[in-house]
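Please open the model in a viewer and keep the selection panel at hand.

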Amino acid sequence: MSIRYIKDKKRFIINTQHTTYAFDVAYDHYLYHTYYGKKTSKIPDPHFHTISFAPYLAGQHPRSSPDSFPLEVSFYGSGDFRPNSLRLSADGTGVCDFVYQSYRIFKGRVALDSLPAARADGDTQTLEITLLDEVSGCRLKLYYTVFADLDVISRYMILENGGKDSVTIEKCMPLTLDLCRSDFDMVSFYGTYNQELRLQRHPLHHGTQSVYSNRGASSHQYNPFLALCDHKANEERGEVYGFNFVYSGSFLDEVDVDQLNRTRVQVGLGSECFSYTLGAGETFSSPEAIMTYSASGFGKMTRNLHRFVRDHIMPASALAPHPVVLNTWEACYFNIDEEKLVAFAKEAKAVGFDMLVMDDGWFGARNNDRAGLGDWFENRAKFPAGLASFVNRIKAEGVKFGIWIEPEMVNPDSDLYRHHPDWALRVRGREPLLSRNQLVLDMSNPEVLDYLMKQFEETFGDLPIDYFKWDMNRHLSNVGSCYLASNKQGEIFFRYMQGVYRLLEWFAIRFPNAVIETCSGGGGRYDLGMMQYGIQIWTSDNTNPCDRTRIQASALVAYPAATMSCHVSNPRDNLASLDYRYKVAVGGMLGYELNILNMGDEIKSIMSEQIREYKSFEHAIRLGDYYSLASPEKYDYSAYYYAKEDEILLTVIEKKDCQKGSTKRLKIKAANPDAVYTDLRTGKTYSGHLLKEGIVIDLTGEADSAHLLYLKAKA
Ligand code: DGJ
């Protein structure tokens, strides 16, 4: 059993393969956190600090306050002045105090209402702790679902209003972790459209530091992934705690260092974009947050997270080879029609692509980004015989067919908006703000969901579509709903996401043979919530190989290559650039986005060879263990490899300004020292021992230069 309760100590212990997590019930009231780290049987007893100027319960030691306890969950107004996990108003004060009642340990997990959740397998166990707030009559259930072989524990909460009156949740942080030290660096991502996932690392300071989104999407600007590590931690050494959130909307990751030099980490919905009113007898499920611990640096944390995402978050279809797509966007933008795309499909087949993806521009009056969004029916000027006939022609060329949609949005210049202006998010009396000429549909309104399902059913119902690219090109402003009552308006951000997840789920069920690639202007929703529904995410609209090298290296810190959609875009007839772009793109799931009709035969035959080669090692990228050797954030080159059983795929990407002739010794720790490896690209052999000691790569210092070695051990 990975979860145990030690009765005489009132202690809960969770063991994973390499970690231990423990907390006690203190004063028959609090959940007092005692340990999270390397696996141990020596759990410290609670240490009750005595501090001044802090409140305590009558009957407790007068200087022993919840303000000094490391807690599993913390309640606003209950004597702990640090950032709280839960603020619950039954009476307008926000004050609540939930007291420990009971526990339950069981196999599997509980489902979350219209939210993505990590899939349990035969080994998954869950600890449920029930607490009661007597005054409001609410019951709070805290969950710890344990993925022991991956060193991952997930945390979520369910609140049941057992009282007679309604209550409002004003802040909800399903993961609270108090660590009794503050000598950490915090690692997180910031960025912007086209420059997502910049890695930042800084020592913690007293007070609160956070990353967040109040945009209604996890966003390009910050990402829900967060890590805390020793100041000296690197890829292989040092303690690292990794956190993430299985959610795609507004979020808050907050880290607070307190007066006693302890660190509180919280992951959740925050308070700025969230409130939720529960009537008597109603229940609320929070999204799920996850945590992992590595005693051996970032590399181990990354591999824990990668395996977890592949095995418990991504759909089963993501574990099969992903199609190599030819996408029309960068080649054609809105300028598409049937004859052009049939010609694309013919060429795509000849070159060896699996699939043609028709991007934006196929529906309604969609000739630019000013009109048509929401009108999900074919444009007869572009597809005179209708979509069905067009799709059949594409398939007759021998390639699969994918199509672009942006279900959550509407252009004011669309039939949908003209008929239903009240279906867009808006606040009474205020003109809604535009972004990319579009408004956001009120996904909290079941009528909107019903309409979208009906319309997509009508347009796609009988078509053999293999793939949907699900885009989302603006953030939520004027967040008001004509559907929800005024006391429910604070719920829109959350209900919006539930609506999106319901529609994604509907697509998965209604089109079981199609896969989904999600996207939000590139990597604006690169999160575990989206990863549950799609086989991959369009990583960034930026396909410049230098920028992509950095963006992809960052994404891989927290997310596996299987999630990362990487396209070779226009090489401008430059063969060196084509090779370079390819070697960058095989960091993840390969695709192309270029005008195949304008390409010379030489380029097409090189692309053919690239696709053939990629398919020979795609499994190693999709399912292999990732090892970073040199991060492009730090060095003038990037180096990493994937290891899968007897195969190693090593990539070195030179940056523009890298030093000519400099020699790099790259230690391939995952190599088997007793084997001999052959590079299947060149036929050159290397002993596993030498690979472990370090393979030498000389950087050329020339533009567009990259090295790729596909090493296979001899049986
Ligand atoms: C933004 C996406 O990131 C692009 O790849 C493309 O699909 C456009 N939207 C289409 O409008």
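Select L197 to begin: at 4% relative accessibility this residue counts as buried, where buried means under 20% relative accessible area, exposed over 50% and partly exposed in between (1.4 Å probe, protein chains only). L197 belongs to strand 13, residues 195-203. Strands (E, at least two residues) and helices (H or I, at least four) are DSSP runs numbered from the N terminus. Phi of L197 is near 55°, a positive value in a residue other than glycine. Most residues other than glycine have a negative phi.

The model is predicted: local features need pLDDT of at least 70 and side-chain atom pairs count only at pLDDT 80 or more, whereas totals for chains, interfaces and linings use all residues. Residues are numbered from 1 along each chain as its sequence is written, and side-chain values use heavy atoms, with hydrogens and water left out.

D704 is found in the loop between strand 38 (695-698) and strand 39 (706-713). Is D704 buried or partly exposed? Its relative accessible area is 29%, so D704 is partly exposed.

**The whole chain**

Along the principal axes, the C-alpha trace spans about 85 × 70 × 45 Å. Of the 715 residues, 63% count as buried.

Among contacts between residues at least 6 apart in sequence, 69% join residues at least 24 apart; a contact means heavy atoms within 4.5 Å. The accessible surface comes to about 26,000 Å², with 49% of it belonging to carbon and sulfur atoms.

**Aromatic pairs**

Now show the aromatic side chains. How many aromatic pairs does a search of the whole structure find? The search finds 63. Rings of Phe, Tyr and Trp (its six-membered ring) pair if their centres lie within 6.5 Å; planes under 30 degrees apart count as stacked, over 60 as edge-to-face and the rest as tilted.

Select F147 and F308: their ring centres are 5.1 Å apart and their planes stand at 70°, so the pair is edge-to-face. This pair links distant parts of the chain, with F147 in strand 8 (residues 138-147) and F308 in helix 1 (residues 297-313), 161 residues apart. Both F147 and F308 are buried.

Continue to Y247 and F494, whose ring centres are 6.2 Å apart with planes at 25°, so the pair is stacked. Here too distant parts of the chain are linked: Y247 is in the loop between strand 16 (240-246) and strand 17 (251-257), while F494 is in helix 7 (residues 492-510), 247 residues away. Y247 is buried, and so is F494.

To view one aromatic cluster, select Y5, F12, Y21, F23, Y36, Y100, Y103, Y144, F184, Y241 and Y293.

Centre the view on I336, in the loop between helix 2 (329-332) and helix 3 (338-351). I336 is buried, with a relative accessible area of 2%. Not counting residues up to four places away in sequence, I336 touches L341, M358, D359, D360, G361, W362 and K382. I336 and W362 are 26 residues apart in sequence, with 7.1 Å from C-alpha to C-alpha.

Proceed to V357 in strand 23 (residues 355-358). At 0% relative accessibility, V357 counts as buried. Which residues does V357 touch, not counting residues up to four places away in sequence? They are V325, L326, N327, T328, G402, I403 and Y467. V357 and F401 are 44 residues apart in sequence and 5.9 Å apart in space, C-alpha to C-alpha.

End at H61, in the loop between strand 4 (30-38) and strand 5 (86-89). At 43% relative accessibility, H61 counts as partly exposed. H61 touches Y27, T50 and Y56, not counting residues up to four places away in sequence. From H61 to T50, 11 residues apart in sequence, the C-alpha to C-alpha distance is 8.3 Å.

Notes
Areas by Shrake-Rupley, 256 points an atom, 1.4 Å probe, with all protein chains shown as cover.
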